[in-house]
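Notebook open, structure loaded. I want to go through the pocket, the charged pairs, the rings and the backbone, in that order.

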Amino acid sequence: MSFDEDLFLKGLEQRKATLGAEYVEKNLAAADDFTRPFQEAMTAWCWGFGWGDDVIDPKTRSMMNLAMIGALGKMHEWEIHCKGALNNGVTKEEIRAIIHVVGIYCGVPQSLECFRVARKVLEERDLL
C-alpha cells in the first residue's frame with residue numbers, strides 16, 4: 001500500500017460500520033489492478049481521515065453527506081449513503097428534512113430525485 005496502512009484500517013472499520021461489512025467487502029473483492037488503488041486510497045482518505053475522528057459524530061456526518069451528495073445530484077452515491085445514514089441512526093423524518101433543504105437550495109427537481117431514492121431505501125427497510 002502506498003498510503004498509511006493504519007489510516008486504511010481505521011477507514012475500513014468506519015466504512016463497514018456505516019455501509020455494512022457485506023457491501024464494503026463486495027466492493028473491495030471486485031476491485032482489480034485498475035480500481036484497487038482508488039478503493040484503498042478512498043477508504044484511507046474518506047473513511048479513515050474524513051470520518052476517523054470523534055469531532056463530528058457519525059449520524060451528523062451522514063446527515064451532512066446526504067445534503068452534499070444530494071446537492072451534487074449523485075443519486076447512486078446518495079442511495080448508498082441513505083442506507084448508511086439509517087445505519088448511523090438518522091430517522092425517516094430527518095431524511096425528509098434534509099431533502100427539504102436540498103429542495104430549497106438546489107431546486108425542486110433535485111429534491112424529487114432524493115425523495116424517489118429515499119422511498120426505495122425506506123421501503124426496503126420496511127420504514128414506509
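This is a predicted model: local features need pLDDT of at least 70, side-chain atom pairs count only at pLDDT 80 or more; totals for chains, interfaces and linings use all residues.

**Pocket**

I looked up the largest pocket first: 16 residues line it, and Leu-19, Met-42, Trp-47, Glu-77 and His-81 lie nearest its centre. Residues are numbered from 1 along each chain as its sequence is written, and side-chain values use heavy atoms, with hydrogens and water left out.

My pocket rule: on a 1 Å grid over the protein atoms alone, a pocket is an open set of points where a 1.4 Å probe fits, with protein on both sides within 12 Å along at least five of seven lines; lining residues have an atom within 4 Å of a point. I get a volume of about 240 Å³ for the largest pocket, taken as the space filled by probe spheres set on the points, which are joined across faces, edges and corners.

Which helix gives the most to the lining? H3 does, with six residues. Helices H1 (5-19), H2 (21-30), H3 and H5 (75-87) each supply at least two; helices here are DSSP runs (H or I, at least four residues), numbered from the N terminus. I sorted the lining into eight nonpolar, six polar and two charged residues, with Ala, Val, Leu, Ile, Met, Phe, Trp, Tyr, Cys and Pro as nonpolar, Asp, Glu, Lys and Arg as charged, and the others, Gly among them, as polar.

**Salt bridges**

I searched the whole structure and found ten salt bridges (a side-chain nitrogen of Lys or Arg within 4 Å of a carboxyl oxygen of Asp or Glu). In helix H5, Lys-83 and Glu-79 are four residues apart, about one helical turn, and their side chains meet at 3.6 Å, N to O. Glu-79 is buried at 15% relative accessibility, whereas Lys-83 is partly exposed at 28% (buried is under 20%, exposed over 50%, partly exposed in between; 1.4 Å probe, protein chains only).

Glu-124 and Lys-120, both in helix H7, bridge at 3.9 Å, N to O. I see Glu-79, Lys-83, Lys-120 and Glu-124 linked in a network of salt bridges.

**Rings and backbone**

Rings of Phe, Tyr and Trp (its six-membered ring) pair if their centres lie within 6.5 Å; planes under 30 degrees apart count as stacked, over 60 as edge-to-face and the rest as tilted. I count two aromatic pairs. Trp-45 and Phe-49 are stacked, at 4.4 Å centre to centre and 10° between the planes.

Last, I checked Asp-126, after helix H7 (108-124): its phi is near 55°, a positive value in a residue other than glycine.
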